[in-house]
Amino acid sequence: MSNPLKELHCYLRVSSEGQKTDGGSLNVQRNHGKKLSKKLGLKYVEVFEGSSSTMIRSEEDFYNSPRPQYRLLQDMIRDKRLINLWVWNKDRLHRDNLEEEFFNRFMIQEHKINFYYGEHGDLLRLDTPLDRMNNRFFSIISTYQKDNTSYLSRKGKQEKSRTEGSKGVFMGGTVNFGYTTKNKKFKKHPTESKYVKKMFEMYSRGESLKEIKTYFDTNGVKPRRSKLWSLGSLHKMLMNRVYIGEFIWVDRKSEEEFFITVPRIVTHSLFQKVQRKLTVNQKNKGSNSRKFDTLLDDFLVCYCGENITSHIKSTHGKIVKKYYYCHSKNNKWKGKKVDVCMNRRSMNMDETDKLVSETVREVVGDSNLLKERFKIDVLDKKSVDEDTIEIEKDKLQTSIDNINKELEVIIDSLSINEINHLTKKTETRVYKEVKKTLEEQRLVQEERKEQKVDEIEELDNQKDWVNWVTKYSDEINTSFSNITSDYLKGIVSNIEVSPKMGKNRDDEEKQVGHIMKINFKLPIVGDSIQYNDVKKKSKGYKLVNGKKSIKKEIGINVGGRKKK
Ligand SMILES: [Zn+2]
């Protein structure tokens, strides 16, 4: 029977890496253990962790490799089969300082183990608080060193994948116009960024891509890869969210997306205004009547989901026919998939314009709500303060910029968490928890951001509305003569057109007309006032909202059906 009091258990563990760096090869460790046993008058008992069957290439692999003898040591301590323990390097015994803390507290202190370590067999003292604190302190430093080594190698991998991936990100290996790079980071290009801003401003004011192209080309502003600008690349630039500071970098190999915050060149407000303009102008593509001012081009949509655009036929410079019609046929030719549209007949432009104008005029003229809004928004001058709106918008923009920075940190942390998980640096449980928390945070921030963007839009709408009311206030109170598309933009969101089917003279099912649903921005169709006391009108009233839309029909006249 062995007597644990008379034995020194020597825990030996080697890694190929460790042998090179601290000289603690198996033989060296064994010799020192034997020497110390002799010195202490104890019997040498070897506890050899053995070389793990798994391939150990790095320090990290070493610490994560299985340690059956380490478990056995703890069992022996619990069973009082081990009293004296020696290790060559006490950092090598534990994976991290949490494990070390646990071992010291529940093994060494609890079971009063004599724990020797190192070449000289120093006895670990844990008797006093100072001893324990010192021990913890060294353990933390050593964990930091281990941690730092693996952090550096991880960082290196990450950095490498970033630089490799960046070849795919910058289109054609070029950084976006308006930016330059410094230390692999986006920086605003001092002159180019000014032109980017100018471009957004021009487009938001209604200038065309062609005008922007001419402006750029004649001011010596050069695109990255050619001599002159193309309309397509300008169009793409206007849609690129990089200019509001959002850059999504996609790792080509992993298809992982990195959200990178870059310096913002334009505000969200300006960017959104441009996006709305782009949508409208995209809709009007294919219409040949842009040089004429049509009333309803920006409003008409077909029930099939396609655009309705205006067309003007002229021979020898003389207009012979003006009409609106659904684009579905044209789109089909271009190979676009659309539902079958029954709205095959075109609409006479003058008649349609007249019907819409009359209807809108009537609705607006009868609306108490508009009169009320006019009173509040223009006469009271309360919500009309443009400066206040601008200040509010600035504040919102600053919050968005800050949210973007937070998002970048969150997304960085997410990818570090992934890497830690892959390299088995963190336990699955911890990894999942961290991931969940970070993703929740990400969602919260993204929602916050969306809300701020909406608020900016709301403020812009408010500004537009106030401008509109101010401009057309006279027309609201009196009857006006002319309805323009600018006027309509203030109150009409769109006009949906669907076909009216019926029997023609030959008793065939044919399209006999168009049904137009005019959608207003406010519930002004048939709104009313309700007096608190009908007998005493001085007691005030409240507004009762009307509907937001009105339907009108327009027939197809025989004249329009004649063929040439
Ligand atoms: Zn259609």
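Reply: A residue is buried if 20 or more other C-beta atoms lie within 10 Å of its own, exposed if 12 or fewer, and partly exposed in between, with C-beta atoms placed from the backbone. This is a predicted model: local features need pLDDT of at least 70, side-chain atom pairs count only at pLDDT 80 or more, and totals for chains, interfaces and linings use all residues. Residues are numbered from 1 along each chain as its sequence is written.

Me: Is Lys 80 buried or exposed?
Reply: Lys 80 sits in the loop between helix 4 (68-78) and strand 3. Helices (H or I, at least four residues) and strands (E, at least two) are DSSP runs, numbered from the N terminus. Lys 80 is not a glycine, but its phi is positive, about 60°. There are 10 other C-beta atoms within 10 Å, so Lys 80 is exposed.

Me: How many C-beta neighbours does Lys 112 have inside 10 Å?
Reply: Lys 112 lies in the loop between helix 6 (97-109) and strand 4. Its phi is positive, about 50°, although Lys 112 is not a glycine. Lys 112 counts as exposed because the number of C-beta neighbours inside 10 Å is 8.

Me: How many helices and strands does the protein chain have?
Reply: The chain has 564 residues, of which 22% count as buried. Its secondary structure comes to 17 helices and 18 strands.

Me: What share of the protein chain's contacts with a separation of 6 or more joins residues 24 or more positions apart?
Reply: Two residues are in contact if their C-beta atoms, placed from the backbone, lie within 7 Å. Among contacts with a separation of 6 or more, the share from residues 24 or more positions apart is 63%.

Me: Within what arc do the buried residues of helix 2 fall?
Reply: Helix 2 (residues 26-40) buries Gln 29, Gly 33, Leu 36 and Ser 37. The arc is that of the directions from the helix axis to the C-beta atoms. Seen down the axis, the buried residues of helix 2 line one face, because they fall within an arc of 105°.

Me: Which residues are exposed on the other side of helix 2?
Reply: The cover over the buried residues of helix 2 includes strand 1 (7-12), strand 2 (43-48), strand 3 (84-87) and strand 4 (114-117). After helix 2 comes Gly 41, with a positive phi near 70°. On the other side of helix 2, the exposed residues are Asn 27, Asn 31, Lys 38 and Lys 39.

Me: How far apart are the end C-alpha atoms of helix 8?
Reply: The expected span of a helix is 1.5 Å times one less than its number of residues. Helix 8 (residues 192-204) has 13 residues, so it should span 18 Å; this agrees with its end C-alpha atoms, which are apart by 19 Å.

Me: Which residues of helix 8 are buried?
Reply: Helix 8 is followed by Gly 206, whose phi is positive, near 105°. The buried residues of helix 8 are Ser 193, Val 196, Met 199, Phe 200 and Tyr 203.

Me: What is the strand order of the open sheet of three strands?
Reply: Two strands pair if DSSP finds at least two bridges between them. Strand 11 and strand 12 (residues 318-326) are antiparallel over eight bridges. Strand 12 and strand 13 are antiparallel over two bridges. The order is 11-12-13.

Me: Which residues touch the most other members of the largest nonpolar core?
Reply: A nonpolar core is a set of buried Ala, Val, Leu, Ile, Met, Phe, Trp, Tyr and Cys residues joined through C-beta atoms within 7 Å. The largest one has 32 residues. The members touching the most others are Val 360, Val 492 and Ile 495.

Me: Which domains does this core lie between?
Reply: Helix 13 (349-366) supplies the largest share of this core, five residues. Domain bounds come from an automatic or database domain assignment. Two domains both give residues to the core, so it lies between domain 2 (288-366 + 491-564) and domain 3 (368-473).
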